[in-house]
Amino acid sequence: MLLEPIVPTVLSLRRIPAADPALLVAYGADPTRHVALGLVTCDQDDALYVALDEATKHAAVDVVFARSFYAGSAHASGRLSGEILGVIAAAEPQAIEDGLAALVACLAHDACFYDADGQRGITMFPHVIGALGAYLSRAAGLPAGEPMAYLVAPPMEATIGFDAALKAASVRAVKLVPPPTETNFACAWLTGIAPGDLASCEAAATAFAAAVVDVAARPRTR
Amino acid sequence: MSGTRALIAALRERLGAADPAPPRVPMPVVPAPPARVYVPRREPARGDAGGARHTTALLAIGHVGTRYATDVVLQFQAELAVAHEAVAAEVPDGWAADHGFLPLSSRVASHREFLLRPDLGRRLAPDSLQRLRDQAERSPDVQIILADGLSATACVDSGPALCAALAAACQQRGLSVGTPVCARFARVWLEDEIGHEVGAKVAVIVLGERPGLGTGDGLSAYLVHGPQIGKTDGDRNMMSNIHERGTPPPQAAERLAALAAAMIEQGTSGVGLDLARVAGEVERGYRPPQVRQRLVEP
Amino acid sequence: MDLSATIRGVRYRFESVKELLGRANPPKSGDDLAGVSARSAIERVAARAVLAGLTLADLRQHPVVPYQDDELTRVVEDSLDEQAYRAVAHLTVGQFREWLLEIGTTGATLRSVAPGLTPEMAAAVCKLMSNLDLMTVGAKCEVVVRANNTLGLPGRLSSRVQPNHPTDDVLGILASMREGLSYGCGDAVIGVNPATDSPASTAAILTAIDEVLRRHQVPTQHCVLSHVTVQLKALELGCPMDLMFQSLGGSEAANRAFGVSVKLLDEAWATMKERGTSRGPNVMYFETGQGSALSSAAHHGADQLTLEARCYGLARRYRPFLVNTVVGFIGPEYLEDGAQITRAGLEDHFMGKLLGLPMGCDACFTYHARMSQDELESLKVLLAAAGCTYLMSLPVGDDIMLNYQSTSFHDIPSLRRLLGKRPTPEFDAWCEARGITRGGEPGPRFGDIGVVT
């Protein structure tokens, strides 16, 4: 159904209580601070990026690794691969547990793609983060706690959608990633021109979603 | 938690897509289905070497999805209604006397009690017992008892004719038949008490049998030699399916009289009776292929 | 043993376990006729309260017919699996009910304790259970048996084709059978009740059916439901026989009225193992039904539910392929109306499965019982949902020989579609290959009598 949430699936979820230092280094962790790892694969990469960031707000964990796989979950290397592997690291296994709990809750109830054409033939990710955590704030170059619209859609829909979002509210582009990406979507991160302007981020995301639905319904117009 | 879910739900509402029902499919063109008519004796179905004509089972009626066609449903319901009506029917007050029977009743007081208490249906009510003692002829060779059993309809419709034919057949063999009686709310074993009271050599009870689908007109007859309370089913001989599609009443009367005569001659009944000695007379006749009646007129 | 309970200040006392079992029974006209039922609704609950406090060991020690008086009691007692019995003997009937209902009590667990249960235990716990309780536990019992077919696997619903004929006209019988097969019915058995109980007609019917089944390679089994002595004589005539049938009663005296004994049944089983024509190992078929013992005055003052359970206690000695309760056949003096027939069907299925039998049900009524066609259809759905192994199937459910109403050729595929069930795997493959079904849905030759010639 149109605009129904498409809840992401956690395909695998494992812990390493005391990881080998070589592995820690290879996956971007710091052996002097990190001991335990939490590893997740998921069938929606952007939902997991948001969920990983969410974990950093609830536990003393760092997101040390998060990479989308080529061509998305429909072309995965195995049934547990999905389209992303995310790794959080911490000094204590308990912090990993707390972080994973927040991450799983975020995937189950918050961050997700939506059906943009009523048949799941076109999907989009018009997510608004109320307050950035340590991971995405560093990636975006914004202070932690700032709001941000995290917008993803297929190439044509996304391009029309980004334009609509930028014009709909007083927001600015933090990052615009034209297609192709690893999963062949396009992505934009927008934040308020004034710091802390959540309402503008929401208005931009809504305009983006409406534009994507419109392109999906009317792919050709003059 | 972010507010994204609520945000998108609001957008869905605004776009008029909040109705959770799936989109309407194009209006179908609905042609009237072909007539699937219940035909009692139908032409052989494809690949059927005429087998369906050897049975009254409802075969080759087709199907609608996995269910019955409407016409079959109506026919079926009519057959069920006929059966239920036959079970629920009662012999009208005064009917027995009007048709020349001495009216008797078992100890059963109501139709429901009749169904639930077979023990009461096997014994005479005190006033009926007195009437039998006062008015019935003593010591006949054969005591004929008509009874409602599980179909008063069959009892009333074809009972008198069968009883008259049976009496005539007995008399033709030189057997006396005594006073004809008709018992209400009666079970088979009631013949033991009645036969014993009048001192009959053989008691025959003719009663409406449990109806089948679409039928309520069948009679059964049970015969016992030396009737008295305590006789069991092994002491009896019986004939069922007495109706036009089974054994027609005139033939049934002849065979029942032959059985009664054999019992008197051999001095026993039931498992002790040597049927081989009367085989020619009581053997079941040829039954032609059956036809089911259409109850709902087209 | 103190058998009493107090409700609202009134003390209800019961003389014996047997009396208690009768008073605790849900209303049945047959128990009223026998004079063993509760005299009020409150007394019934009082009896159940007392029963709930008895242990399963108490029930083993108090069979409703004493050991020395009855060979059925001896069969059950002498062959009880002591290890299985010890696993549950300490439970009260109330605790036993709760244990049965626990999610963690699986079909495999129930199968392992079944040989340690006596019929009286199954009957006792049955009296404490509601209809949905009976379905919940019945559905998790797994009893899988094999003859030519594998019956009782999860997700399967099988059926007996019952092509009876008032004069045993073989062409008429075959016509009904062929039509039944074309509706995907008959994977449990092709079973004919003969009008004439003679070895010659039994052999003639079996031979005719066998020829058609072999020619079309139908993976099922056949049976003619004449008396066991008649079937033994028919075997001597050299006819094929996949399953051997007998009606059972709940006491030695009731079986005497049926003309059978443990000795005779042992002999029949031994003969079938040697001369039966199905692959096996399960080769016997039994029918039962509440009220049969009372109808031959062989009930020993016990209630009809407990006597029914005792039939199953005897049946399991013979590792049968089929057991079914002919639930509404015996008449309203035993089960008066739709509610009583429905209850009895679910009870019998539950007790049979609990005791480890492949339980089917002839969901039916006679035309003098107070049950409607709609009520009967509801019962079929309840039984199928409760995992009943098989139901009967006849043309529009009408038995033209025995004059009663049962399940139809159309009902079986309807129930299978409704509940997502399939026939036995072997028969399923046959239906798919013949075009009777396609992917489990009615196929191009569904309902076409010509599919089997």
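**Figure 1. Strand pairing in chain A of the predicted model.** Strand 4 of chain A and strand 5 of chain A, the latter made of residues 84–90, run antiparallel to each other and are joined over six bridges.

Figure 2. Four strands of chain A, arranged in the order 2-3-5-4, make up an open sheet with antiparallel pairing. Strand 2 (10–16) and strand 4 (62–68) of chain A each have a single partner strand and stand at the edges, so one side of each is left without a neighbour in the sheet. From one strand to the next, the twist averages 10°. Helix 2 of chain A, residues 45–58, packs on this sheet and touches strand 3 (36–42), strand 4 and strand 5 of chain A, with a direction that makes about 10° with that of strand 5 of chain A. Helix 3 of chain A, residues 93–109, also packs on the sheet, where it touches strand 2, strand 3 and strand 5 of chain A, and its direction makes about 20° with that of strand 3 of chain A.

**Figure 3. The contact between the two domains of chain A.** Domain 1 of chain A brings 16 residues to the contact, and domain 2 of chain A brings 13 residues. On the side of domain 1 of chain A that touches domain 2 of chain A, helix 2 and strand 4 of chain A each supply at least two residues, and the largest share, eight residues, comes from helix 2 of chain A. Sorted by class, this side of domain 1 of chain A holds seven nonpolar, three polar and six charged residues.

**Figure 4. The contact between the two domains of chain C.** Chain C is assigned a domain 1 (4–133) and a domain 2 (145–451), whose centres, taken over C-alpha atoms, are separated by 28 Å. In this contact, 33 residues of domain 1 of chain C meet 34 residues of domain 2 of chain C. Helix 1 (17–23), helix 2, helix 5 (71–78), helix 8 (107–113) and helix 9 (119–127) of chain C are the elements that give two or more residues to the side of domain 1 of chain C that touches domain 2 of chain C. That side of domain 1 of chain C consists of 19 nonpolar, seven polar and seven charged residues.

**Figure 5. Where chain C meets chain B.** Of the two pairs of chains that touch, chains B and C have the most contacts between them, whereas chain A and chain C do not touch, their nearest C-alpha atoms being 26 Å apart. The contact between chains B and C involves 35 residues of chain C and 33 residues of chain B. Helix 2 (29–34), helix 11 (170–182) and helix 20 (411–419) of chain C each provide at least two residues of the side of chain C that touches chain B, and helix 11 of chain C gives the most, with seven residues. By class, the residues on this side of chain C are twelve nonpolar, 15 polar and eight charged.

Notes: Residues are numbered from 1 along each chain as its sequence is written. Chains are lettered from A and ligands numbered from 1 in the order in which they are written. This is a predicted model: local features need pLDDT of at least 70, side-chain atom pairs count only at pLDDT 80 or more; totals for chains, interfaces and linings use all residues. Two residues are in contact if their C-beta atoms, placed from the backbone, lie within 7 Å. Ala, Val, Leu, Ile, Met, Phe, Trp, Tyr, Cys and Pro count as nonpolar, Asp, Glu, Lys and Arg as charged, and the others, Gly among them, as polar. Domain bounds come from an automatic or database domain assignment. Two strands pair if DSSP finds at least two bridges between them. Axes are lines fitted to C-alpha atoms, for helices over the stretch in contact, and angles run from 0 to 180 degrees between N-to-C directions.
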